[in-house]
Amino acid sequence: MRCELLKMIHHARSGHPGGSLSAADIVTALYWHVMRLRPEEPNWPDRDRFILSKGHCCPALYAALGMKGYFDRKHLLTLREIGSILQGHPDSRKTPGVDATTGSLGNGLSLGVGMALMGKLDRKDYRVYVMLGCGELDEGMVWEAAMCANKYKLDNLCAIVDYNRLQIDGTADEVMPLDPLDKKWESFGWNVLRMDGHDMSQILGAFAKAGATQGTSTVIIADTVKGKGVSFMQNVCDWHGKAPTDEELAMAIGELEKETL
Amino acid sequence: MYRKGDMVSTRDAYGAALLELGRRRKEIVVFEADLSKPMRTDKFAREFPERFFNVGVAEQNEMAAAAGAATCGKIAFVSTYAVFASMRACEQIRTFVAYPRLNVKICASHGGLTPASDGVTHQATEDLGIVRTIPYMTVVMPADAVTTRLAVHQAAELSGPVYVRLTRDAVPVLYEDGADFRIGKAIVLQKGKDVTLIGLGDMVCKALRAAEELAREGICAGVIDMHTIKPIDQEAILEAARDTGALVTVEDHQICGGLGSAVAEVLVEGAPVPMERIGLRNLFAESGGYEELLAKYHMDVPAIVAAAKRAIERRNRLEQQVRNSPCPNASR
């Protein structure tokens, strides 16, 4: 998936590799192991929902959807091109499998609250997963949604914070400190889990625990590394929103292929 | 249901219509932000508590949660005051409701200066301009209780986002129960010869009163209830321009962005004629009684009458100029 998304961003000559790489393992876990899906029927009413609230990291989502067969993989290299089904930020009307239009930060958890409320109302057992960036937790609206999920005891709602601690202007600590992040969510009434967002067994364990939790929403704080898997991108702010050059892409893919061998 | 001439606020009619809808269709869900009493959604909440979601004083979350609900096949009504719906939750309307064309019906009360004594913070005088520029939005402001009921029912039937602007104060019921009200189709209340007054929402009854005054002075004024400003009824505007050659728009909103702008856009492309606009002129009002505010800011019946006369005067001057201009071929 990392190779796919880097190729897409390289081809588009713009995009967000850092956050896409930090989210890649969690998105993989969700689409291959956790979520109940029917790629051949993207609007299946009983499917689990995934909302990429940090919409700029959509190359990771698109790669997953393409690899799962929601659309022909040939579309992946049309990312951000005019006429493409793959917009610069997710568009639920253009891309099969995208459950929610996102891109403006801070809104995804509220969309998830709405879906989870309807799941309860309709007595359906689908689950709703919302992936949040750590930078977007600066948005007050996230906490409006957090309160609301607690009020309605939305145990079918699971938020994941991709806690890579880097934003556009610097580290989260410099831009807007979030710690103690677990205490913040706890005080909003959420069940809080912590995991290494790049350790597949920890990821699957956390989702299993979240799924078994009743009466409260769960947030999984995932400690991640921005740019994970590519040595020169890891923990470098500048890789938030720029595309790799031809040489950089070749180097990155070389590193990633070596790692998977 | 309502008797012509009764005084009923359109928010009361909204609450009652929502209850009817709720009984008829189980896909109706309602999101509220701690205003169920003034928005009159409390009746729906009592009868259908499982379909009513009070998210607290948090309009952004309210709007986006409704969008999420709409992705699950629901018809989601969002209730709040117009000033909060259109501004606090503006981006949620634009990006998360309109862009994915979701079935969210935004019902916004206290439109215009009706929150009168509460002052500028609560007066919604830019909302129509804001929501009208957003693609795929339908924007409606019914004039009375009968048409509010019909607007709410029709909004639920329409696919996609709708903004319904309501008002706080009681207004006269203008229509009989079986009124032919259709979103997107203006209602010609009376035909005119000298000038046409095009009103919106609670200002339609002011326009009617202005037309009565004008009639006493021998001026024959038409009156149109332009309840839908998007998509606007171009035919009705062009016909009025052809029939009378002078128009006045009457709205409780800034003169830019709302009804006046929408009508002017149609006129310049189709049939330019002199037109005057009643509304706030690039300023914020203040606290005060509603009627006092309308008078102070030149939006009351005498102001409409004066605007009608100006429009007629301008049209007459134009016609005279045409008649008196020398023949360009005279020297030959």
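Colleague: How many helices and strands does chain A have?

Modeller: Helices (H or I, at least four residues) and strands (E, at least two) are DSSP runs, numbered from the N terminus. In chain A of this predicted model, the count is nine helices and five strands. Their order along the sequence of chain A is α-α-β-α-α-β-α-β-α-α-β-α-β-α. As to conventions, residues are numbered from 1 along each chain as its sequence is written, while chains are lettered from A and ligands numbered from 1 in the order in which they are written. The model being predicted, local features need pLDDT of at least 70 and side-chain atom pairs count only at pLDDT 80 or more, whereas totals for chains, interfaces and linings use all residues.

Colleague: What does the radius of gyration say about chain A?

Modeller: The radius is taken over C-alpha atoms, and the globule rule is 2.2 Å times the number of residues to the power 0.38. Chain A has 17 Å, close to the 18 Å that the rule gives for 261 residues, so chain A is as compact as a globular protein of that length. Along the principal axes, the C-alpha atoms of chain A fill a box of roughly 50 × 45 × 35 Å.

Colleague: And what share of the residues in chain A is buried?

Modeller: A residue is buried if 20 or more other C-beta atoms lie within 10 Å of its own, exposed if 12 or fewer, and partly exposed in between, with C-beta atoms placed from the backbone. In chain A, 51% of the 261 residues are buried.

Colleague: How many residues does each chain bring to the contact between A and B?

Modeller: Two residues are in contact if their C-beta atoms, placed from the backbone, lie within 7 Å. Chain A brings 21 residues and chain B brings 24 residues. On the side of chain A that touches chain B, α4 (108-121) and α5 (140-151) of chain A each supply at least two residues. The most comes from α4(A), with nine residues. Ala, Val, Leu, Ile, Met, Phe, Trp, Tyr, Cys and Pro count as nonpolar, Asp, Glu, Lys and Arg as charged, and the others, Gly among them, as polar. By that scheme, this side of chain A has 11 nonpolar, seven polar and three charged residues.

Colleague: What are the corresponding overall figures for chain B?

Modeller: Chain B has 13 helices and 14 strands. The C-alpha trace of chain B spans about 80 × 40 × 40 Å along its principal axes. Of the 332 residues in chain B, 59% are buried.

Colleague: Which domains does chain B have?

Modeller: Domain bounds come from an automatic or database domain assignment. For chain B, the assignment gives domain 1 (7-172) and domain 2 (187-320). The centres of these two domains of chain B, taken over C-alpha atoms, are separated by 26 Å. Their contact takes 28 residues from domain 1 of chain B and 27 residues from domain 2 of chain B.

Colleague: In which order do the strands of the five-stranded open sheet of chain B lie?

Modeller: Strands of a sheet pair through backbone hydrogen bonds, either parallel or antiparallel. Two strands are counted as a pair if DSSP finds at least two bridges between them. Here the order is β9-β11-β10-β13-β14 (chain B), with mixed pairing. At the edges stand β9 (187-190) and β14 (275-280) of chain B, each with a single partner strand, so one side of each is left without a neighbour in the sheet. Strands β10 (residues 195-199) and β11 (residues 221-225) of chain B pair in the parallel sense over five bridges. Within this part of the sheet, B:G199 stands opposite B:D225 in β11(B).

Colleague: Where does B:A210 lie, and is B:A210 buried or exposed?

Modeller: B:A210 belongs to helix α9 (residues 203-216) of chain B. B:A210 is buried, because 28 other C-beta atoms lie within 10 Å. Not counting residues up to four places away in sequence, B:A210 touches B:L197, B:V301, B:I304, B:V305 and B:A308. B:A210 and B:P302 are 92 residues apart in sequence, yet 7.1 Å apart in space, C-alpha to C-alpha.

Colleague: What about B:K206, buried or exposed?

Modeller: B:K206 is also found in helix α9 of chain B. B:K206 is buried, with 22 other C-beta atoms within 10 Å. With residues up to four places away in sequence left out, B:K206 touches B:G199, B:V250, B:D300, B:V301 and B:I304.
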